[in-house]
Amino acid sequence: MPHLYCANRNTTNVTIGSRQTQAYLLLLPAFVFLIGFTHYPAIATLFDSFLSTPRAGRAPVFAGLENYQVMLDDPVFWKSLINNLLFALATIPISMALAIAMALWVNEKILGRSFLRMSYFLPTVLPMIAVANIWIFFYTPDYGLINQGLALLGFTSLNFLGDPHLALMSVTIVAIWKEAGFFMIFYLAALQTLSPSYREAAQIEGASKWYFFRKIQWPLLMPTTIFVLVNALINAFRMVDHIFVMTNGGPNNASSLLLFYLYEVGFKFWDVGYASALTMVLLTILAVIGLLQFFLLDKRTHYR
């Protein structure tokens, strides 16, 4: 009997070991791509941020923290960073609030519900370049749709993309218009998973719709809200497509965001060392956002 027990135990261990080996082999392709396209570039960029930019006939040399010192003294960097923070502070709460409102509306039994859902989601499936060109038509001075409406009301024409005071607001509105429909899908899916018994109990007790949303729906939507919030934060620091098409960062860097400035430094001015330092700042911001979600926000969320 002891020999039989040992044999069975060895067979079990071999089976578990082979399954673990198979699991690691199945994960190996994804692991290779993750290392090759995520971790290795990040480490290489960190290393490059401490080197000078190579020039013709001159190899890069170790520069220490010189690139970071240049960044601290660069007014365009601070302008782009402040613009990005303002962009995030505007796009995140407004797009999430619109997403929740739209999801609550199209979750009800209303006439044309399918058409409304499609209309809200349509901007999401459009490429950002196409969205930017559509809004250029809206913003065009004198002939744009918005300025024609202002003219009918007796107001003067506004140069939305050429005015330093309006450019950032204009591109922010475009981002909100595109992102709200995307976030709405997540909230709508979450609302449809809630049991109808909650609403029936609230109606029996005479609770208003606002009270029902605030006390029942909103707490149950917190996991979805955390997911949407993290995605919105990341998108706010990596959304740059419409900046290229609509303003090219102008006028006078009024609409320049951090990723757009990084592109200019790296691919227009070809300052690889400084661009690597800017990349590390951007990666640090995104890493802090991810850690904040994992260690703080997620622990405050109550899952059903």
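Is Tyr 68 buried or exposed? At 19% relative accessibility, Tyr 68 counts as buried, because the cut-off for that label is under 20%. Welcome to this structure, which is a predicted model.

- Tyr 68 sits in helix α2, which covers residues 66-72.
- Leaving aside residues up to four places away in sequence, Tyr 68 touches Leu 46, Ser 49, Phe 50, Ala 277 and Met 280.
- One of these partners, Phe 50, is 18 residues from Tyr 68 in sequence, and their C-alpha atoms are 8.5 Å apart.
- Val 265 belongs to helix α12 (residues 258-268), and with a relative accessible area of 2% it is buried.
- Not counting residues up to four places away in sequence, Val 265 is in contact with Trp 270, Asp 271, Tyr 274, Ala 275 and Leu 278.
- Between Val 265 and Trp 105 there are 45 Å in space, C-alpha to C-alpha, and the two are 160 residues apart in sequence.

**A pair of packed helices**

- Helix α3 (residues 75-106) packs with helix α10 (residues 222-238) at an angle of about 150°, and their axes are 9 Å apart.
- The crossing of α3 and α10 is right-handed.
- On the α3 side, the residues that meet α10 include Leu 85, Phe 87, Ile 92 and Met 96.
- On the α10 side, the residues that meet α3 include Val 228, Leu 229, Leu 233 and Phe 237.

**Salt bridges**

- The model has two salt bridges.
- Glu 108 and Arg 199 join their side chains in a salt bridge, with 3.4 Å from N to O.
- This pair links distant parts of the chain, 91 residues apart: Glu 108 is in the loop between α3 and α4, and Arg 199 is in helix α8 (residues 196-205).
- Glu 108 is partly exposed, with a relative accessible area of 27%, and Arg 199 is partly exposed at 27% as well.
- Glu 264 and Lys 268 form a salt bridge at 3.7 Å, N to O, and both lie in helix α12, four residues apart, about one turn of the helix.
- Glu 264 counts as buried at 11% relative accessibility, whereas Lys 268 is partly exposed at 42%.

**A nonpolar surface patch**

- Leu 25, Leu 28, Phe 31, Val 32, Ile 35 and Tyr 40 make up a nonpolar patch on the surface, and together they have about 610 Å² of accessible area.
- Leu 28, one of the patch residues, lies in helix α1 (residues 2-48) and is partly exposed, with a relative accessible area of 42%.

Definitions and conventions: Residues are numbered from 1 along each chain as its sequence is written. This is a predicted model: local features need pLDDT of at least 70, side-chain atom pairs count only at pLDDT 80 or more; totals for chains, interfaces and linings use all residues. Side-chain values use heavy atoms; hydrogens and water are left out. Patches are made of residues with over 30% relative accessible area and no salt bridge: like charges are joined within 9 Å, nonpolar side chains (Val, Leu, Ile, Met, Phe, Trp, Tyr) within 5 Å. Accessible areas come from the Shrake-Rupley method with a 1.4 Å probe; for residues, only the protein chains shown count as cover. A salt bridge is a side-chain nitrogen of Lys or Arg within 4 Å of a carboxyl oxygen of Asp or Glu. Helices (H or I, at least four residues) and strands (E, at least two) are DSSP runs, numbered from the N terminus. Buried means under 20% relative accessible area, exposed over 50%, partly exposed in between (1.4 Å probe, protein chains only). Axes are lines fitted to C-alpha atoms, for helices over the stretch in contact, and angles run from 0 to 180 degrees between N-to-C directions. A crossing is left-handed if the near helix is turned anticlockwise from the far one by less than a right angle, and right-handed if clockwise. Contact means heavy atoms within 4.5 Å.
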